[in-house]
Structures are given as C-alpha cells and as structure tokens.
Amino acid sequence: MSRVPVVINGVLVEAEPGETILNAARRAGVEIPTICHHERTGTKGLCRLCVVEMAGRGRPEPACATEVAAGMVVNTESEELAALRRTVLELVALETNVEHDDGLAGWLEKYGADPARWGEPLAGRRARQTIRDNAFYLREYDKCYNCRRCLDACGEGIQGVWALAFAGRGAEAGVTTVFDLTLAEAGCVFCGNCVQVCPTGALVPLEEISLAAGGLL
Amino acid sequence: MTPRVQPDRVVSTVCPYCGVGCRVDLYVKDEKIYRVMAREGPPNHGALCVKGRFGLGFLRHPDRLTTPLVRREKGGALEPASWEEALDFVAERLAQIASEHGPDALYFVSSAKASNEENYLMQKLARAAAGTHNVDHCARLCHSSSTAALSRALGSAAMSNTIEEIPLSSVIVVTGSNTVETHPVIGAMIKKATRNGTFLIVADPRRVGLAEVAHLWLRLRPGTDPVLFGAMARHLVASGRYDTGFVARYAEGFEEWWESVQDYTLEYAGQVTGVPAGKIQEAAERYAAASAAAIYWAMGITQHNHGTENVQALVNLAVLAGQLGKPGAGLNPLRGQNNVQGAGDMGALPNVYPGYQPTADAAVRRRWAEFWGAPQPENPGVTMTEAFESIGRPGGVRAVYLMGEDPITSEPYQDHVRAALEELDFLVVQDILKNETYPYADVVLPAASFAEKHGTFTNTDRRVQLIRPVFKAPGEAEPDWWILSEVGRRLSRLTGRGDPEGWEYTGPDEVWEEVRRGAPNLFGGISHARLEREGLRWPCASEDVPGVSVLFTGGFYTPSKKARLLPARWRPPAEEPSGEFPLILSTGRVLYHWHGGVLSRRSALREAYPELKVEVSPADAARYGVRDGQKVWLVSRRGRIQATAWVTDRTPEGVVFAPIHFAEQPANRLTKNAYDPTSKIPSYKQSAVRLEPA
C-alpha cells in the first residue's frame with residue numbers, strides 16, 4: 001500500500017495508511033505525551049494529553065485517536081497546547097495520589113505544571129478505599145485517575161472477561177466491578193493483565209506491597 | 001513519584017507453567033520475585049495468566065529439596081549425603097542392575113519441565129551410557145496420541161500453525177481443550193479473534209469457557225469424536241464439498257478411508273454423538289468453506305483408548321478440506337508443559353533419537369553410535385506406561401530414574417502405581433520439590449528450578465527460547481544438566497559404554513552445540529547466541545534462515561510427501577458406565593492449578609482454589625441426592641475419594657468431572673489403567689464411577 005505523506009512539526013513524514021498521528025510521530029522520533037493510551041489494550045482518546053493542532057481544524061484533537069490523512073499538517077507543540085496539557089496534568093495530580101505513577105512526574109515537570117495553583121488537593125479520588133478481595137493483587141483506587149487501561153485489558157483489548165466496570169459520574173466516577181462484587185464474584189480470572197498495564201501503581205501485586213512494607217503485610 | 005520497590009534486577013526469562021511459553025520479566029529484590037510482567041512480542045504479546053503472574057511462590061517454598069538423600073539400605077531411612085556419595089550410589093546401582101538383568105531393566109523418565117539440554121542428556125544417559133531405548137517423558141500421558149497419529153500421517157508432530165496466525169483463521173475449531181483455563185493466553189487470543197469475526201466451533205462434552213462464546217457448540221457424548229469428525233469428513237465428500245485438488249495432489253489412502261466411513265452418515269453421527277445432524281452438517285460446511293480454518297485440540301481428544309483414532313479423524317478432516325499448509329489453516333495440538341515439545345524434539349521418547357530420527361532404522365543407530373562412540377541397542381524401548389505395568393513381571397523394569405516426574409499423582413490407578421514402586425529394586429527421584437513419589441526413592445537428587453539455571457525451552461508453536469537464572473538454587477541443589485552429566489560420566493565408566501569424557505560440559509550451551517550437530521535438519525541454525533537476540537522456530541537448518549512458521553506449505557514430511565488418510569473408527573471405552581458405576585468420570589485441569597499440584601499448590605494459587613470440586617450435572621445431582629457444596633464420595637472399582645460437589649451444567653448428564661491437582665484427593669486413585677493400543681496413553685477421560693453423599 002502507498003504511504004501517506006503528512007507534515008509533523010514542519011517535517012515530511014511517510015505514514016502508514018490507517019495509522020494514528022501518534023504512531024506516525026513516534027516513528028519519526030517526535031514525542032507526544034500520553035497517559036491513557038496503550039497499544040495492547042487499545043485504550044485511547046480519554047486523557048486529552050496527546051492533543052495536537054491540525055491545519056484547517058478548529059480545535060486540538062487527540063493524536064492517539066486520529067488517523068493520518070494525506071496532506072495533513074500537524075503541530076505537536078505550541079503555547080496553547082502546553083497550556084492545555086498543563087491543566088490536564090494539574091487536575092490529574094490534584095485529584096489523584098500519583099506518588100507511584102511511572103511517567104507523570106516527567107510530564108508535570110516538562111509542562112511546568114503546578115497543581116497547587118488550583119488550591120488544596122481534592123478529596124474525591126484520594127478518599128477512595130483500598131480493596132483487598134483476593135490472593136493476588138490489591139486495588140488502591142486513591143491512585144487511580146480513570147485511564148481505563150485496566151478495563152480495556154480485562155475486556156475488549158486482551159482478556160475478553162469484563163470483570164471490571166466503570167461506575168459513577170463526575171468526581172464519583174471510577175473503576176469497580178459490576179454491583180461492586182468481589183473480583184472472584186465478578187468473573188475475574190486473575191490474569192493480572194490489568195496490573196500489567198496500570199500506569200499509576202493503583203493495581204499492585206500483594207508480593208510487591210508486602211516487600212515495600214518490609215514483609216509486614 | 002517512584003515505584004514502591006526498586007528492583008535489584010529484572011530478569012527476562014520464560015514462564016515455567018504451560019506450553020504457550022510466555023516470556024516474562026521477573027522483578028527481583030532481596031532475592032525475592034515480587035512482580036512478574038509480560039514481555040511484548042511473541043509468543044504472549046504482553047499478556048499472562050494467573051499461574052505465570054502470581055504462581056511462582058513454589059520457588060521459595062520450604063518443601064524445596066536442598067540436599068542429596070540416600071537410603072543406604074532397603075527399609076532404612078532417607079539420609080542426607082554428599083553429592084559425591086549420592087552420584088556414585090546412583091551410577092553403581094544402575095550399572096549393577098544393568099549387568100545382572102540387562103540394560104532394559106532400567107527405565108529413564110525425562111521431564112517436559114526440564115530444558116532441552118537436560119532432556120537431551122537424559123536420553124543420552126539411557127542410550128549411550130546405559131545402552132537402552134527405555135526413555136520417555138510425560139507426553140506419554142498427554143499428547144502421545146497426537147504424536148502417533150501426526151507422525152504417521154503427516155511426518156511431523158507439532159502445531160502446524162503459529163500463535164500469531166490465530167487472527168488469520170476465518171474458522172477455528174477447538175475440541176477437547178478447555179483453552180481459557182489450560183492455555184489461558186491462547187484462549188484469550190481465540191476469544192479476541194472470535195470478537196473480530198472468526199467463526200468459532202467448539203466440540204466438547206463440557207460447557208468450557210470457549211463453548212460460551214462459540215458460534216456453534218457441538219456437545220458430543222464423551223469419546224464419540226471419531227464418529228463426529230468422520231461424519232463431517234464423509235459429508236464433505238458425499239456432498240462434493242471437499243478439496244479435490246488438494247486431495248489429488250497431497251493425499252493418499254482415500255479409498256480405504258472412504259470405505260471406513262460408509263456408515264458414518266450425518267444421521268448416524270447424530271444418534272451416536274447426541275449432536276443434531278444439522279449442526280454437524282453446518283460445522284463441516286463452514287470448516288471446509290473457510291478461507292483458512294485451523295483445528296486446536298488437547299487432552300479431550302488424546303486421552304482415550306482410541307486417542308490415536310481421534311487425532312487421525314481430525315487429520316482426515318483437515319486433509320479432505322484442504323485446510324493445511326497455509327497461514328491460519330492447520331492442525332494444532334496445544335502442548336501442555338512448558339517444554340513438552342522440546343522433550344520430544346530432544347528424543348526423550350523410546351522410538352526416536354533427537355530430531356525424531358527413528359531408533360528402528362539401523363542407519364540412524366549407526367550414526368548415533370559413531371556420534372557418541374557408544375554401541376547403540378537394537379531392542380526397541382518401551383513406553384513409560386508399559387514400563388510401569390511391567391514392574392514386578394519377569395523381564396520387567398527393575399530400576400527407574402525419575403527427573404521431575406511424580407507418577408503417583410500422574411499415572412492412572414494410583415494404588416497399582418504405589419504397589420509397583422514398592423517392588424522396584426531401585427528408584428531415583430530427581431526433583432525441585434518433595435512430591436508424592438519421593439518417599440519411595442532410594443536416592444533423592446535436589447534440582448535447580450527454571451529460575452536457577454540456563455538453557456532453552458521449546459513452546460507449543462516450536463519456538464525455542466532462552467531461560468536465564470534469577471538467583472542461586474537453594475542449599476546444595478544443582479541444575480539437572482549438571483546432575484545428569486555427573487551420573488553419565490560415572491555410568492559410562494562403569495558400563496564401559498562410550499567415552500566418560502564425552503560427559504564433560506562447561507554448561508548448557510555446550511550441550512546445545514551437541515544437539516545441533518546431532519539433529520542439524522531441525523536445529524542446525526539455532527544457537528544460544530542467536531537466541532539471545534530472538535526466539536527461533538524449528539525447523540531451522542542454518543544460521544541464515546529464520547525458522548519455519550507454517551508447516552506443510554510445500555507438501556508433507558512423509559517419505560511420499562503426501563498426507564496419509566487412514567480409517568479412524570470409534571471403539572467402546574475400556575470401561576462402560578453401568579450398574580454399580582453408572583457415571584463417566586472425566587479428569588482434567590482448572591485455571592488455578594498445575595497437574596499434580598506440586599508447583600501450584602505451593603504458591604498463592606492454593607488460596608484461590610483450595611480443594612477438589614467435582615462437577616456434577618443438575619440431573620445427576622437430583623438423581624443421587626447431592627446438593628451444591630455438599631461433600632460426596634466418588635467411587636470407582638479401584639478406589640474412592642472425597643470431594644465437594646459443584647452442581648453445574650458445565651458437565652453433561654451422566655458425566656462427572658474431577659480435576660487432577662489434589663494429592664490428598666487424587667482423581668487418579670479412580671482412573672483405569674487402560675491404554676490406547678498405539679500411543680499407550682491412559683484413557684483418563686472415561687472411567688466408570690458412582691457418586692455417594694458423604
């Protein structure tokens with residue numbers, strides 16, 4: 001199939017037909033920040049951190065969920081984009097305990113994010129209870145910012161089990177199981193593919209918790 | 001913003017559980033594995049299951065064997081000994097029994113949990129140092145029927161497609177495999193393919209996980225497989241839907257096969273199998289019409305007294321439909337153990353040398369005699385099941401060397417196995433953990449686990465992968481390859497067979513180099529150095545090729561290059577349910593446990609699935625007065641075990657299903673020691689039992 005010519009940050013890139021702007025940019029060595037996107041689970045388009053500007057389009061759109069088209073002119077960095085990303089990052093950090101997140105610190109620093117400018121951290125997500133209902137892993141939902149990778153790993157993306165579900169609205173929205181059942185009751189097969197893709201450390205093997213606690217748990 | 005635990009190191013290796021051969025990164029801190037992550041890329045593409053992810057606790061379990069033990073006199077106790085004493089004792093006793101009763105009085109059981117290099121050394125120990133073809137491994141109990149039928153008909157006994165081809169099949173047939181529990185990563189891939197448009201046909205008496213998502217579920221009566229698949233094939237021919245071009249070019253034996261299925265009409269098959277004739281017809285037509293259709297199967301096909309016929313019936317169907325030799329079309333036995341493919345490849349079988357070179361061929365024997373500098377026996381070896389049956393009989397086996405095998409939990413008719421072990425002159429147990437068989441041993445040799453040594457495993461789609469040590473083996477435990485080379489050197493010196501110096505190896509890579517020279521057609525192009533960079537599939541004859549993905553693209557590996565159609569007829573089971581024993585007992589596995597439970601029940605998996613649950617259909621529960629969750633006795637002509645009843649429509653009326661993982665409640669106390677006459681596999685899927693409230 002013929003390549004798709006697109007311009008990313010002023011450089012001509014030969015993209016593959018059907019691939020996303022994010023993929024084309026990454027192959028061309030252009031870094032676009034992401035939180036929710038995950039190749040394996042298919043999660044995309046939620047966190048809005050990867051928004052980019054495209055000539056002729058009125059507003060920024062997510063690079064992870066937009067396919068390339070011939071002649072597209074893409075800009076991945078600008079003051080406006082930085083401001084948007086800064087706000088997204090600040091709200092995530094304001095609402096969530098991100099102390100074990102594996103990539104957020106770098107983005108917060110890069111975009112000069114200052115969650116404190118919005119006031120005190122919000123209780124909402126930080127007040128969520130930790131759930132221990134099985135022999136394998138813990139769900140520390142104060143650390144979850146609803147990226148949905150776990151849901152996609154459990155359902156469509158990998159496992160086809162759909163033990164996890166999304167419930168609640170607004171600040172109350174979060175990952176749970178249907179009717180808040182235990183994982184075993186919800187049909188979980190404990191593959192741990194949700195633990196694998198969790199970026200925040202909200203889903204964590206009991207062995208790891210135990211080791212971190214000096215074997216006391 | 002840091003991880004809770006900073007690893008001391010992250011070791012990339014291969015999961016030790018099933019034949020999918022998932023690649024894992026083990027996160028280690030303070031000599032403890034605290035996190036297991038899947039690697040991207042083949043074979044598991046970023047996914048794992050509960051066993052690999054959370055089931056490695058056995059590595060640090062107190063039941064690990066840490067020092068050699070020797071029973072210095074019969075009836076005495078097993079006492080700690082030095083490696084020197086234990087190795088000398090093993091070699092001297094084996095040599096003594098071989099000289100008094102002939103080398104065929106010895107039996108060597110290799111291990112599908114051990115590496116390729118170790119399996120190679122075990123069969124070398126039997127053939128070169130002891131002088132017998134009496135070597136086998138646990139594939140005898142799982143896929144020997146597949147090996148027998150596929151080798152005979154196609155010339156190669158392995159999955160003919162790769163895991164990466166699953167999404168390329170427009171029709172997938174899964175039969176006799178509870179894939180989502182026994183090969184969970186492949187099960188999830190098949191489910192995903194089904195969501196993306198693949199038409200899924202499941203033929204299974206049990207409502208297994210894949211049956212719930214199948215487009216077509218053929219709930220056949222246990223053991224009626226040859227009639228079902230024979231009728232599908234017959235219908236394709238009778239209605240002109242078979243691939244005449246493929247058959248003309250690539251098949252032989254059509255007439256004899258066609259004669260053999262004359263009575264297998266759709267209507268007859270409907271009566272015998274209990275599957276409506278219309279569904280059988282639809283399955284046949286969809287399978288044959290698919291652009292690419294693959295068949296996957298496991299123990300539900302093989303573990304019958306007509307297991308070889310069951311597999312042959314699948315071969316016949318695939319050949320007639322021309323569904324072989326292209327991407328996404330083929331025949332795929334899902335291999336159970338992490339290295340069961342490799343154990344066979346390395347010649348840990350009585351009838352073949354490494355690379356499936358037949359022992360019956362005098363030229364092959366001459367070649368290996370020269371290769372090892374040791375005369376090669378002409379007597380054919382016997383299978384493991386035959387060997388256990390022969391113990392105590394004139395001319396039978398008198399000494400058994402077990403590597404990573406626990407026959408008390410794995411062989412049928414446990415009381416019979418116990419009695420046989422009592423009668424042995426000499427038993428070596430080489431293992432990582434105390435198993436059920438170890439109290440019978442005369443010598444116990446403590447082995448290193450997969451996480452404590454180098455080597456290679458070969459997964460179910462023929463991918464050879466490197467394993468790497470994570471930490472040091474506990475106590476004095478040593479890798480199997482080291483133990484075998486030490487025994488080999490000593491035994492070779494005592495029997496005068498071969499050169500004792502031929503047992504000096506610096507490590508597994510040197511053993512592998514010997515494998516490459518011994519079986520160049522399959523492994524010549526695979527080196528440890530290459531495997532550092534990539535997994536490679538056999539056949540791979542030279543370093544400049546990547547290894548073959550799809551088998552049979554240019555014909556078959558038989559001498560005539562053609563596939564052999566052969567009659568595959570149904571036979572009644574060795575034990576029909578009747579009278580006092582009105583139910584069929586089928587045995588198998590559950591998601592959370594592994595085989596005899598030696599590994600999985602010494603990990604966090606134990607808590608998730610603590611005890612034996614027997615599946616009972618609602619109709620049988622009502623008939624025998626059993627409630628869900630109630631304690632029951634399962635009773636066969638050979639023994640009884642207690643279990644908790646799980647009343648569920650997963651199992652059909654007339655059939656109870658018991659997992660094999662529980663040493664205190666061993667399903668194999670009940671199973672019958674009846675075997676397929678060709679493959680010698682036990683018919684684990686059909687014993688007669690009754691159910692009693694406890």
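Predicted model: local features only at pLDDT ≥ 70, side-chain atom pairs only at ≥ 80, totals over all residues.

Author: Residues are numbered from 1 along each chain as its sequence is written, and chains are lettered from A and ligands numbered from 1 in the order in which they are written.

Reader: How many helices and strands does chain A have?
Author: Chain A has seven helices and 10 strands. Helices (H or I, at least four residues) and strands (E, at least two) are DSSP runs, numbered from the N terminus.

Reader: And what are the spans of chain A along its principal axes?
Author: The C-alpha trace of chain A spans about 55 × 45 × 35 Å.

Reader: Which domains are assigned in chain A?
Author: The assignment gives domain 1 (4-77) and domain 2 (125-212); such bounds come from an automatic or database domain assignment. The centres of these two domains of chain A, taken over C-alpha atoms, are 29 Å apart. Their contact takes nine residues from domain 1 and 10 residues from domain 2, where contact means that C-beta atoms, placed from the backbone, lie within 7 Å.

Reader: Turning to the two chains, how many residues of each are in contact?
Author: 26 residues of chain A are in contact with 27 residues of chain B. On the side of chain A, α3 (104-110), α6 (193-197), β10 (203-205) and α7 (206-212) give two or more residues each.

Reader: Which of them gives the most?
Author: α7(A) does, with four residues. By class, the side of chain A that touches chain B has 13 nonpolar, seven polar and six charged residues. Here Ala, Val, Leu, Ile, Met, Phe, Trp, Tyr, Cys and Pro count as nonpolar, Asp, Glu, Lys and Arg as charged, and the others, Gly among them, as polar.

Reader: What is the secondary structure of chain B?
Author: Chain B has 26 helices and 28 strands. Its C-alpha atoms fill a box of roughly 70 × 70 × 60 Å along the principal axes.

Reader: How is chain B divided into domains?
Author: The domains of chain B are domain 1 (9-60), domain 2 (69-141 + 338-537), domain 3 (144-334) and domain 4 (583-693).

Reader: Lastly, at what angle do α9 and α15 of chain B pack?
Author: Helix α9 (residues 225-238) and helix α15 (residues 307-321) of chain B pack at about 15°, with axes 8 Å apart. Axes are lines fitted to C-alpha atoms, for helices over the stretch in contact, and angles run from 0 to 180 degrees between N-to-C directions. α9(B) and α15(B) are therefore roughly parallel to each other, a term for angles under 35 degrees.

Reader: Which residues make that contact?
Author: Among them are B:Phe229, B:Met232 and B:Leu236 of α9(B), and B:Leu314, B:Leu317 and B:Leu320 of α15(B). The contact of α9(B) with α15(B) has 11 nonpolar, three polar and two charged residues.

Terms used: Parallel < 35°, antiparallel > 145°, perpendicular 65-115°, else oblique.
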